[in-house]
Structure formats: C-alpha cells, structure tokens
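Biologist: Can we go through the aromatic rings together? Keep it short, please.

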Amino acid sequence: MSENSKTNSRPNFFWRLRTTPLRDLARGRLSGSLDVNAVIAASGLPEELALLVQRVARRTRLARVERVEVAHDLLDHFRDGLAEGVSAPTLIEAFGHERITARLIRRSMWRKRSLFARNTRQVVRAGFLCFGVLIVCYLLLAIKHRNREIRIAVDYVAILNAPTEASEPEDRSWPEIREAITTMRGLVGSPLDESMSVDQMLSKIAEASMSESSSPWIDAELEPPALSVNGEVLDATVVDQFFVAAEPALERLRAAANRPLLGFSLSPRGLEDLADRRFFGEESQNLESVAREDEGGFQDSILMLEFPYFGSVRLAARLLAADARRAVIEEDGPRMVADITAMLGLAEQTRTPSIMIAQLVGMSMERLAFTVVLDSIAAFPGNIDDPSLVALADLIRGLDDQRLRLVVADERRFFLDIAQRVYTDDGQGGGSLSLGSPVVEMLGVPSEDLRPEFFDTGAGEFLLGPLVAELTIGRADAVRLWMNTMDAVEEQASRPPWEIDLATLGLIDEIPRESMKDDLMLRIRYFPITLIIPATEGLVFAGAAVRMERDLVLTVLELEATRRRNGVWPHSLDELKFAAGGELARDPFDGSTVRYQYRDGRPLLYILGPDRDDDEGRGMASSGPGSGGWKDLQRDGLAGSSKHWGIGQGSVDSEPDGDIAVWAAGRK
Amino acid sequence: MRIERELMRGAGPVAVLSLLSRGEMYGYQLVEALTERTEGTLEMGQSTLYPLLYNLEAKGLVRSERRVAENGRTRKYYTLTGQGETRLASDRKQWQAVTDAMQSLGVVSGRLTAPCLAVA
C-alpha cells in the first residue's frame, strides 16, 4: 500500500480500536485519535507537506501517542506558514533534513519520557538485543551442527566375525553342536506336556539326572537321580535310554569342544545360515523384509546382533554335566574327565566374542564343570580311578588366571559401534551427539518428560539437536568414559574378591551413577552413556569367583589324593602337598586360606560368611530353603554348591552368624 | 550569516527561553521571531526548533499547552516555567561574561543590540 493510499484509506474497526486512547474507550468513543495518518489527512495540507509530516512522524519510531503529538506540531507549523503566505516548497526547503529531524525529535521526545519509561525501554531493548544475539548464536550452532555428519567408518560386526570367517569349517564347533543337539532332540520322546519344547524336555532330562537330595548340601548323599523336576517325575528308564542312545551325540559334543572356535556367524539381519534357521525354528523368516523394516541407523550394528546359540551351548554343557555325573556313578572316570574337558572347552569357545553376556555364559559353564567335580569327589570319591583323578587335576590346573580372566574387548567395540552411529565425526575421534531418530528409537531419551516423538521430527531435531549436542558430552569423552569403565571392570575382576573396590564401578566421570538418576541435567549431559552402561558389579565378582572355585576344586582334588595316599581324610590342610602345582583356596571374605574341619571322619571346607567370624564350620541357622535367611546358601542343583564363593560383601552388623560350607564329603 | 552548529547549540536554548520570557508563543511564531529579531543570524528550521522545544520541556524549563487559537485552529503554546526563568537568568549572566571576555580580547565589539535578546 502506498503512503498516499494509506493516508486516504478508510480505517476499519480494528484499526480504529487500536488507535483509540484508553481514555476515549472508557467513555465509549472509538475516536481513533491516535491514527497519525488520519490526523495528517484531516489537516487539509497540500499533499507534499502532508507526506513530509507523515514520513518524519514515521521515522521517529516513537510510540503512537508521541507520533501524533509530533505530527500535530509539524502540521500546526506548516499551517501557520501557509497562513503567512509562505509557499509549500519554501516551507519544505526551510524544514531541514527529514531523517536528521526525525532522529533529533526522537531523542528529545525520549527525554520527555519518565525515568521509569526510559529505563524500562533500555531494559527491554537490551533484552531483545541479548535474545537476538542468542538466536543468531543458536542458528550458527544449528548450522554447524547440521554440517557435521555421522560417518559409519568401521564394520564392527565384521570384526567380530573375522575369526569365524578366517577359520576352516572343520575348525568350527557350532555346526557339530547344532547337529548333536538335533540328534538328541530326536531321542527325547514325547514332552511331558504340550507346551514344552523339545529343548525344554532335553533340559528336563539333564536336570533330573543331576538332582538329588536337597540342601543342606553337606548332608547330601549321592543317590540315583531323583528324576523329579518341580514336582514332575520322569521315568528312570526313559532317562537311562536317552543317555545310552545319546552317547554318539555326546561324543560329537566332546569332539566339537576340542575345536579351536565356536564359529557361529553373527549377523544383524538375523540367522543367515539355513541350517541355523531350521535349528532355531525360524525357517519362515524373510531376511529381506527384516532388513527393510529397520531403516534406522542401527541395522548393521552390533546392537542388532542376537546370540541364540547361548541357550544351545549351555544345554550342551548341562547334558555333558549330567553325563559326567552318570559316568562317576558308573565308575567310568575317563568319560567323566572327557565330559568335564568338553564343558570347559565349550565354555572357552563361548567366551568369544568377548562381550559381557558371553563372558557370563562361559563362566557359568565353567562353574558348572567345577561343581560336578566337587559333587563327585564329595559323594563317590572312590569311583574315579587314579589316572582320571590325576587327569582331572591336570585339567583344572591348566585353567590359569590368563585363561579364566574376564575379557571385554568386544564390549568396547560394542560401544564404539554405537558411538559411530549416534555421534558426528570430526575426523579426529571427536564429534557431538546427533538426535536422529535411531538414537531415540533405540536408546530412548534422557528423561521421560521429553516426548520421543518430538525428537523424531526434523524440526525437533533442528531445534533441540544443537542444544542437546552442546549440553551432552562429546564423542571423545563418551568413548573415554566407556573405556575407563571397561578398564575398571577388567582390573577389578582380576582382583581377589576381598580386594575388589566397587566404588570405582559406580562412578561416571567421578560422579556416582546413583546420583544421576535424580538429576535431569546430569542425565542429559551423560546421555546416552547412563542409559547403556551396564551394571558390572556382579560381573567382576563372577570373574573372581571362577578363579577361586578353580582353587577350591584343586584343593578338594588334593584332599582326595591325600586321602588315597593315607587311607583317611587329612586332619589338617597342612597335610596337602600340591606336588603337581596349585595352592589352597582362599576365603573370599578375608583373603586367608579356606578353613577346614575334620570331624566324625568327615572333611569340611568352609568360609567365614559375611560376619567374617570363624564359627568352626557351623552353618548359619537361618539358612536353607524357604528360611528367608541367607538365600545364597540354598542349593539349586549341582551348580549351587559353591555359588556364593565369590561373595565378599556384607556388613558384620546385618549379616547372620555362622559359616558357609563350600565342600564336604557326604559319606564317612 | 550562518552560525556554526556548536555555537548554535549553546545559543539556541537561551534565545528561545529569552523570547518566551516575554510571553507565550507557538512554534512558527518562535521561528519567525528568531529570524526577524536576529536578522537571520539565529534562524531555525523546524528540524532544530521542535527538538529544542521538546528538550526544554523535558528539562522542565518550558511548558506547552494545546488550545484553540483566535483563528479557530488548535495550536501548541509554549510558556516559560519558574525553573526556566531561573535558568534564563543564569544563562544571561554566563553569556554576559562570555561577551565581556570576547570584547576584552577584541573578538567582538560593542554590546548586543537586539532588544529581546539583549542581556539584562
């Protein structure tokens, strides 16, 4: 709209409302007296003078009421000039420079304002200025943030698969394990009920073969398998027939365990080997559709990997454990040693790739093997022939600290893979968090108060992305924190339980993890580290426990060797020579050698318990199934006999009185 | 004769206060009076006069009142306040001192003769 048309246009209702002083409105008059254009138009001045006044008034950039006042003054002046006979061009020439005049008028009118109004104006102006600067800075930040890109430079899945890819098929145990279990699936007969899978039935048979008298463990007699699992009783003939028929498959497992590596090919797209898909009952899965469904940034990442074979190798280990126990009853020492060897071999294979869950699964298999040995020596020491006993000791002694150590190298790669997908890459190991949809979908958001859908939109990412990128730690810091945690895990797990310091594991950048739960700013700053960093306390104790259980097994084997030499159980641990190597197991509660009692012709090895008080082998009164006391004393099948071996925590004041028996011979 | 801007900045307010000390005046009237009585020496355009008047008003030296004039139009009339009179008296003394100093230096000769602007 031109200035002229503006001057002559008829104002609408809302414009009049806007240009009416409150005083007039209060009187019910829609005067529009603050409409500068209307005032100028009503003056009747020649157009060039009217436009001059209009321009000057507008350029003053004053409040509406002030502009009207200025316009009135200038109009009066020109009208007086015209009345005196001065021509419009002369008046315009005498007026001076419009812009300078407008500026001078603006400044002088400001001075007329009250002190409060002037200060308020300055404050508001400063506020707008700061806000503008902030907006500009934020936009620059947004541009900088958008110009940084995520670059997936390393195929960590390929690194995990590299050993398998580089191996010969005959070096891989997984295909043999798969075929052995497939064979055994065909031997189990009908499941106990319709809802039970074949593997569950296999597991049932293994469990029933191992179960015997319930705790307290030290009073247990090795008896024929109870064949009762959770109240369901299996036919002994069925179990016996199974193990007889399964011997070729078990032998296949033993051979598989002797191979260099497991060789399961991992893929973020799921099971790619047809035989694997058939084995795990996923023949119908369409890999292409799976790949298309996930368009996020994680479709090729370690995060998408699944490890379905964990359950299978654990089942294999349990079947071998059950067979080892049967071998002891059948006085077949070599077979028992072969089964234990196979269990430990499978455990070692399972520990690669070295992610935490794989380490835990491998450790559980190792501890199961140890428990079978401890139980066998306790109940039927004479059933194992001398050469087998020596072979068993050599086997266990061969599990040095290096072999049993906790390794989390691939857990480090796990985070590096996530980092390259959620952080931008500055080419020097740095970068900032990018709030793309994959991050939100896969990892969540720092707070439940923030709606994931908002981050998911382009506008949301543009508006909040730079802010979050600046508020959160960068890629280099995140990687450093993760690696520090992994360093701490490996270092703590290499210590004996009584020297483990959990405090270092509970810190992120020297800040307790617990305190982060209640602090939104900390949760945002350390996002996504706080969401995905694993709880590692149990892991380090498990790592320590495996080594201590190994020493317990060696101690028990030495006790049995001494018994065979002397004809009776030793009266003291001083009689143990460890001629072939090894040393006495230690008490995880105080680091001293494990305690021993020889009472009524029965040997007992015990540890102090959380009260760290020697009660001469007397068990805790409150322990036992259903007691609600020290629940770790409960025995849960064979694996439970030494499960509390790694526990070194607890306070003297709150824990029950008494010791924890970790091994005892059941027969006099 | 055009007066330097800096000099005008000092002379303008006291000249306007001096004119108003004789009675109320409106804007155009002030411009005319300044031109006539100083023979164009202190001639002011609107671009100088109105900011000057607004400043004097902001300082409380003059006050304005818009009212209907004899010719039926509304005009804004400016009058000197008590504070303005005090200021004018002070300014006159200062200008007299300056004039005397200039005379003694031979920069100016004689006394100011414009009746309405003459230092009392």
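Biologist: Which residue lies over the face of Phe279(A)?
Modeller: Arg185(A) does, at 4.0 Å from the ring centre. Keep in mind that this is a predicted model.

Biologist: And what lies over the face of Trp110(A)?
Modeller: That one is Arg121(A). Its distance from the ring centre is 3.7 Å.

Biologist: On to ring pairs. How many aromatic pairs are there over all chains?
Modeller: The count is 16. Trp174(A) and Phe264(A) form an edge-to-face pair, with 5.3 Å centre to centre and 75° between the planes.

Biologist: Where in the chain do Trp174(A) and Phe264(A) sit?
Modeller: In distant parts, 90 residues apart. Trp174(A) is in helix H11 of chain A. Phe264(A) is in the loop between helix H13 and helix H14.

Biologist: Are Trp174(A) and Phe264(A) buried or exposed?
Modeller: Trp174(A) is buried, and Phe264(A) is buried too.

Biologist: Why is the pair Phe307(A) and Tyr309(A) called edge-to-face?
Modeller: Because the planes are at 70°, and an angle over 60 degrees counts as edge-to-face. The ring centres are 6.2 Å apart, and rings pair within 6.5 Å.

Biologist: Why does Phe307(A) count as buried?
Modeller: Because its relative accessibility is 18%, and buried means under 20%. Tyr309(A) has 1%, so Tyr309(A) counts as buried as well.

Biologist: Last one. Which residues do ring pairs link into a cluster?
Modeller: Trp174(A), Phe264(A), Phe279(A), Phe280(A), Phe307(A), Tyr309(A) and Phe310(A). One of them, Phe279(A), is the ring with Arg185(A) over its face.

Terms used:
Residues are numbered from 1 along each chain as its sequence is written. Chains are lettered from A and ligands numbered from 1 in the order in which they are written. This is a predicted model: local features need pLDDT of at least 70, side-chain atom pairs count only at pLDDT 80 or more; totals for chains, interfaces and linings use all residues. Side-chain values use heavy atoms; hydrogens and water are left out. Rings of Phe, Tyr and Trp (its six-membered ring) pair if their centres lie within 6.5 Å; planes under 30 degrees apart count as stacked, over 60 as edge-to-face and the rest as tilted. Helices (H or I, at least four residues) and strands (E, at least two) are DSSP runs, numbered from the N terminus. Buried means under 20% relative accessible area, exposed over 50%, partly exposed in between (1.4 Å probe, protein chains only). A charge sits over a ring if NZ of Lys or CZ of Arg is within 6 Å of the ring centre and within 35 degrees of the ring normal.
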